[in-house]
Amino acid sequence: NDLLDVARLEEGRFGFKMKKQSLAPLVKKVYENFRKTASGKGIKFSLELSKDDVPLLDFDEEKIAIVLENLVDNAIKYTPPGGQVVVTLLEEKNRQTVEVVDTGIGMPADETKRVFTKFFRAENAQLYQTSGTGLGLYLAQNIVAHHGGAMFFKTEENKGSTFTFSLPLPKSGIKKV
């Protein structure tokens, strides 16, 4: 499925369906969908929302769900039992940001330049978890970019990672023609 999604994205056939909506319900839904998985692995999993009345954004819910699910799945997958994963939605000056922080295995510094490339999986990730295509972060970054957003990360081997993406708030006072 990841390969098909990447091919469709690269060919311009990914079918984005933009709709003005709140990001909060989607973040809550993804959080709820992963609670049992995290709990079953012995990981403390929490959600932090800056406030419930977040502004409406133009985004494709299905595609941003792919981004969120990938980040949360990776965080849980690469965090050992007893660790922690926190998903945060916050509003900043001109964007909304989702941050996924984990206390997992992190990545070696010399491998971070390739994080958003196709088929990349850090060496320690391959040893820790043998399944995975190495396409999730490539796909996620491209989806966020298509929405006019940005994706970035911080990581430290054996300490954890923080993956963040932000989507722009609509410009107020400007009418689309």
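Apart from its neighbours within four places in sequence, F45 is in contact (heavy atoms within 4.5 Å) with Y31, F34, R35, A38, V72, I76, V85 and V87. The model is predicted, with local features needing pLDDT of at least 70 and side-chain atom pairs counting only at pLDDT 80 or more, while totals for chains, interfaces and linings use all residues. Residues are numbered from 1 along each chain as its sequence is written, and side-chain values use heavy atoms, leaving out hydrogens and water.

Nonpolar core
- F45 is also listed with L23, I64 and F165 as the residues with the most contacts inside the largest nonpolar core, which has 41 residues.
- Such a core is a set of buried Ala, Val, Leu, Ile, Met, Phe, Trp, Tyr and Cys residues joined through side-chain atoms within 4.5 Å; buried means under 20% relative accessible area with a 1.4 Å probe, protein chains only.
- Helix 3 gives the most to this core, with eight residues.

Helix 3 against helix 5
- Helices are DSSP runs of H or I, at least four residues, numbered from the N terminus.
- The axes (lines fitted to C-alpha atoms over the stretch in contact, with angles from 0 to 180 degrees between N-to-C directions) of helix 3 (residues 61–77) and helix 5 (residues 136–146) come within 9 Å and cross at roughly 140°.
- K63, I64, I66, V67, N70, L71 and N74 of helix 3 meet G136, L137, L139, A140, I143 and V144 of helix 5.

Helix 5
- Buried residues in helix 5 are G136, L137, Y138, L139, A140, I143 and V144.
- G148, with a positive phi near 80°, follows helix 5.

Key. Helix = DSSP H or I, 4+ residues; strand = E, 2+ residues; numbered from the N terminus. Buried < 20%, exposed > 50% of the residue type's maximum accessible area, 1.4 Å probe, protein only.
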